[in-house]
Amino acid sequence: MPSDSRFRRLPEERGELSFTFDGQTISAREGDSVAAALMAAGVRVLRNTPVSRAPRGPYCLMGVCFECLVEIDGVQNVQSCMVEASDGMRVRSMRGARCVGNEQGSDDE
Ligand code: FES
């Protein structure tokens, strides 16, 4: 995490786990939310807005702003700040609007 960030990780020792974000392996600690783990790994953009494609990342970290939406294990529009990271989870950034029906995302990047 950049030194100018206002966010700091708690120093406590917790177990390690890993998941992928857009195919990149992300290390996390047990109890981390997906958003917290991504921020700790230096990821700032989790989605792009449907209309202007403006980049967005976690803002409130408490389930209010919906800026942290991602796809987790094939489920789109998940608030990453409200989901605890788990080992082997597959997380993808949200690009534009949520897909419906057979348009669900794939692992093809
Ligand atoms: S960061 Fe605001 S809802 Fe997740």
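Modeller: Fine. Ser 80 sits in the loop between S6 and S7. Keep in mind that this is a predicted model.

Colleague: Is Ser 80 buried or exposed?

Modeller: Ser 80 is buried, because its relative accessibility is 0% and the cut-off for buried is under 20%.

Colleague: What does Ser 80 touch, leaving out residues up to four places away in sequence?

Modeller: Ser 80 has contacts with Ser 33, Val 34, Ala 35, Leu 46, Cys 68 and Val 70.

Colleague: And Cys 81, where is that found?

Modeller: Cys 81 is in the loop between strand S6 (75–79) and strand S7 (90–95). Its relative accessible area is 10%, so Cys 81 counts as buried.

Colleague: Which residues does Cys 81 touch?

Modeller: Beyond four places in sequence, Cys 81 touches Ser 33, Ala 35, Leu 61, Met 62, Gly 63 and Cys 68.

Colleague: Cys 68 again. How far apart are the C-alpha atoms of Cys 81 and Cys 68?

Modeller: The separation is 6.7 Å between C-alpha atoms, for two residues 13 apart along the chain. Cys 68 is buried, with a relative accessible area of 2%.

Colleague: What about Cys 65, how does its accessibility count?

Modeller: Cys 65 counts as partly exposed, because its relative accessibility is 26%.

Colleague: Where is Phe 66?

Modeller: Phe 66 is in the loop between S4 and strand S5 (69–72). Phe 66 is partly exposed at a relative accessible area of 41%. Outside the four places on either side in sequence, Phe 66 touches Arg 47 and Gln 79.

Colleague: How far is Phe 66 from Cys 81, C-alpha to C-alpha?

Modeller: They are 9.0 Å apart in space and 15 residues apart in sequence.

Colleague: Let's switch to pockets. What volume does the largest pocket have?

Modeller: About 240 Å³.

Colleague: Which residues lie nearest the centre of the largest pocket?

Modeller: Arg 8, Arg 9, Leu 10, Asp 32 and Ala 36, out of 13 lining residues. The lining divides into seven nonpolar, two polar and four charged residues.

Colleague: Where is Asp 32 found?

Modeller: Asp 32 is in the loop between strand S2 (24–29) and helix H1 (34–40). Asp 32 counts as buried, because its relative accessibility is 6%.

Colleague: What does Asp 32 touch?

Modeller: Leaving out residues up to four places away in sequence, Asp 32 touches Arg 9, Arg 14, Ala 37, Val 83, Glu 84 and Ala 85.

Colleague: Now backbone angles. What is phi of Arg 53?

Modeller: Phi of Arg 53 is near 65°, a positive value in a residue other than glycine. Asn 77 also has a positive phi, near 60°.

Colleague: Where do Arg 53 and Asn 77 lie?

Modeller: Arg 53 is in the loop between strand S3 (47–48) and strand S4 (55–56), while Asn 77 is found in strand S6. Arg 53 is partly exposed at 48% relative accessibility. Asn 77 is partly exposed too, with a relative accessible area of 36%.

Colleague: What about Thr 49, buried or exposed?

Modeller: Thr 49 is buried, with a relative accessible area of 11%. Thr 49 is in the loop between S3 and S4, and beyond four places in sequence it touches Ala 54, Arg 56 and Gly 96. Thr 49 and Met 94 are 45 residues apart in sequence, with 8.5 Å between their C-alpha atoms.

Colleague: Last, the whole chain. How many helices and strands are there?

Modeller: One helix and seven strands, in the order β-β-α-β-β-β-β-β along the sequence.

Colleague: How much of the chain counts as buried?

Modeller: Of its 109 residues, 35% count as buried. The accessible surface comes to about 6,700 Å², and 50% of that belongs to carbon and sulfur atoms.

Colleague: And what share of the contacts with a separation of 6 or more comes from residues 24 or more positions apart?

Modeller: Those account for 39%.

How values were computed:
Residues numbered from 1 in each chain as written. Predicted model: local features only at pLDDT ≥ 70, side-chain atom pairs only at ≥ 80, totals over all residues. Heavy atoms only, no water. 1 Å grid on protein atoms, 1.4 Å probe; cavity = no way out; pocket = protein on both sides within 12 Å on 5 of 7 lines; lining within 4 Å. Points joined across faces, edges and corners; volume = space filled by probe spheres on them. Nonpolar A, V, L, I, M, F, W, Y, C, P; charged D, E, K, R; others polar. Helix = DSSP H or I, 4+ residues; strand = E, 2+ residues; numbered from the N terminus. Buried < 20%, exposed > 50% of the residue type's maximum accessible area, 1.4 Å probe, protein only. Contact = heavy atoms within 4.5 Å. Areas by Shrake-Rupley, 256 points an atom, 1.4 Å probe, with all protein chains shown as cover.
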